[in-house]
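Hi,

Here is the structure I said I would pass on.

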Amino acid sequence: MRLTKSTDIALRIAMRLAVADEAQAPTTREVAGAVGVPYTHAAKVVSRLQHLGVVEARRGRGGGLSLTPAGRTGSVGRLVRELEGAGDVVGCEDDPPCPLRSACRLRSALRAAQEAFFATLDPLTVEELTGPPTGPVLLSLSPHPPQT
């Protein structure tokens with residue numbers, strides 16, 4: 001299974017925010033530069049993470065991004081499910097639909113494999129993902145000029 005680019009960016013942003021100094025909350029532009037993604041993509045992902053209650057964004061002087069308590073301690077599996085959506089791994093119902101869909105055993109096997117993938121992530125939290133050696137590396141990421 002391969003995650004969408006948006007989910008990948010969301011997990012990187014959440015991990016970076018988990019180690020950020022809350023007194024100097026980074027901006028979306030700074031986080032985008034640090035994790036090496038275009039600002040426009042990061043802004044869309046941050047908006048989605050806000051909607052999911054994972055990230056809080058404050059505007060103006062002293063503003064910036066921070067991970068919410070739910071973002072810190074919530075299940076990574078749940079977050080990935082939310083970000084990826086409930087779709088199938090393969091496009092059985094695409095246009096045109098697969099001619100095997102009414103008698104296919106592969107679809108249910110792939111659905112079970114997908115759920116096993118998510119279940120592996122269920123016990124993990126973003127906070128746990130940022131322990132050593134990952135946390136120090138995340139802290140060392142300096143904001144590079146973001147791609148536009």
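Below is what I found, going from the whole chain down to a few single residues.

First, a word of caution: this is a predicted model. The secondary structure comes to eight helices and two strands. If you start at the N terminus and walk along, the elements run α-α-α-β-β-α-α-α-α-α. Taken along the principal axes, the C-alpha atoms fill a box of roughly 60 × 30 × 25 Å.

Of the 148 residues, 35% are buried. The protein exposes about 8,900 Å², and carbon and sulfur atoms supply 56% of that area. As for charge, there are 17 positive and 15 negative side chains, with the centres of the two sets 4 Å apart. I also looked at contacts between residues at least 6 apart in sequence: 70% of them join residues at least 24 apart.

Now for the inside. In soluble globular proteins, nonpolar side chains tend to be buried together. Here the largest nonpolar core has 30 residues, and the members that touch the most others are Ile13, Leu49, Val55 and Leu67. Two or more residues each come from α1 (5-18), α2 (28-35), α3 (39-51), β2 (64-67), α5 (76-84) and α6 (106-121). The largest share, eight residues, is from α1.

Leu49 is itself among the core members that touch the most others.

Leu52 sits in the loop between α3 and β1 (55-58). Is Leu52 buried or exposed? Its relative accessible area is 18%, under the 20% cut-off, so Leu52 counts as buried. Setting aside residues up to four places away in sequence, Leu52 touches Leu79, Glu82 and Leu83. If you want a sense of distance, pick out Pro133: the C-alpha atoms of Leu52 and Pro133 are separated by 28 Å, and the two residues are 81 apart along the chain.

The other one is Thr130, in the loop between α7 (126-129) and α8 (134-140). Thr130 has 10% relative accessibility, so it counts as buried too. Beyond its neighbours within four places in sequence, Thr130 is in contact with Met15, Ala18, Val19, Gly135 and Leu138.

That's what I have for now. Happy browsing!

How values were computed:
Residues numbered from 1 in each chain as written. Predicted model: local features only at pLDDT ≥ 70, side-chain atom pairs only at ≥ 80, totals over all residues. Heavy atoms only, no water. Core = buried A, V, L, I, M, F, W, Y, C linked by side-chain atoms within 4.5 Å. Buried < 20%, exposed > 50% of the residue type's maximum accessible area, 1.4 Å probe, protein only. Helix = DSSP H or I, 4+ residues; strand = E, 2+ residues; numbered from the N terminus. Contact = heavy atoms within 4.5 Å. Areas by Shrake-Rupley, 256 points an atom, 1.4 Å probe, with all protein chains shown as cover. Lys, Arg positive; Asp, Glu negative; His and termini not counted. Charge placed at Lys NZ, Arg CZ, Asp CG, Glu CD.
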